[in-house]
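Okay, thanks everyone, I'll keep this short. Let me put the structure up on the screen.

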Amino acid sequence: MLIKKFFTYLLIFLCPLVFFSACSSDDDNGKLSEEEQIKQMLNEVRQLTANLQTLEAAVEAGWDTDLSGCVEHPEEGGMGHHYARVEYIDGRVNHMEPQILLFEPHADGSFELVGVEYIVPFGILPADAEAPELFFHKFHQNPVQQIWALHVWTEKENPSGTFYDWNPNVSCN
């Protein structure tokens with residue numbers, strides 16, 4: 001009889017806990033608009049990169065491979081150097097695991113973190129597959145590099161748009 005009472009009280013106590021914990025969530029994204037979710041994710045990326053503002057810190061943290069040298073378009077602006085964390089180039093699409101950090105060089109030899117890039121190689125997700133999506137934006141194809149790509153200007157304002165490839169405020173000079 002004592003055991004039956006114990007289990008009855010246990011059920012009375014645990015059922016509401018299970019119910020309320022199932023109904024609540026640490027993830028408020030269901031309540032946020034698309035724009036608010038994008039803003040939240042961008043802020044999370046900025047928090048992630050807060051300690052990666054220098055090239056030295058980024059290299060020490062694993063973004064140690066310069067894939068491109070400094071990249072600049074003669075009319076649309078620049079991208080900077082693409083420093084990759086090679087182990088992240090495995091098909092993952094997670095805003096908290098950018099494959100590339102974008103660094104703009106300065107005349108004094110220093111580098112400034114200006115944004116991030118997410119890439120998925122065609123060898124992992126073929127060019128004829130549906131484009132990956134992050135921040136509610138589809139990746140675009142870069143057939144020359146054989147990748148799906150999404151640039152995100154988290155640190156330096158881009159008048160062409162947060163997700164536009166080229167940033168007229170970034171230069172290789």
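I'll go through a few strands and then a disulfide.

Just so we're clear, this is a predicted model.

Let's start with strand 2, residues 77–84. Is this strand buried or exposed? Well, 8 of its 8 residues are buried, so strand 2 is largely enclosed by the rest of the structure.

Now, who sits beside it? On the one hand there's strand 1, residues 65–73, which runs antiparallel to strand 2 and is joined to it by 6 bridges. If you want a pair to click on, take Thr 65, whose bridge partner in strand 2 is Ala 84.

Okay, on to the cysteines. How many disulfides does the count come to? The count is 1. The pair is Cys 70 with Cys 172, and their sulfur atoms are 2.0 Å apart. The link is left-handed, with -90° about the S-S bond. Cys 70 is in strand 1, while Cys 172 is in the segment after strand 8 (147–152), so the pair ties together parts that are 102 residues apart in sequence.

And the accessibility of those two? Cys 70 is partly exposed at 27% relative accessible area, and Cys 172 also counts as partly exposed, at 24%.

Technical notes: Residues are numbered from 1 along each chain as its sequence is written. This is a predicted model: local features need pLDDT of at least 70, side-chain atom pairs count only at pLDDT 80 or more; totals for chains, interfaces and linings use all residues. Side-chain values use heavy atoms; hydrogens and water are left out. Buried means under 20% relative accessible area, exposed over 50%, partly exposed in between (1.4 Å probe, protein chains only). Helices (H or I, at least four residues) and strands (E, at least two) are DSSP runs, numbered from the N terminus. Two strands pair if DSSP finds at least two bridges between them. A disulfide is a pair of cysteine sulfur atoms within 2.5 Å.
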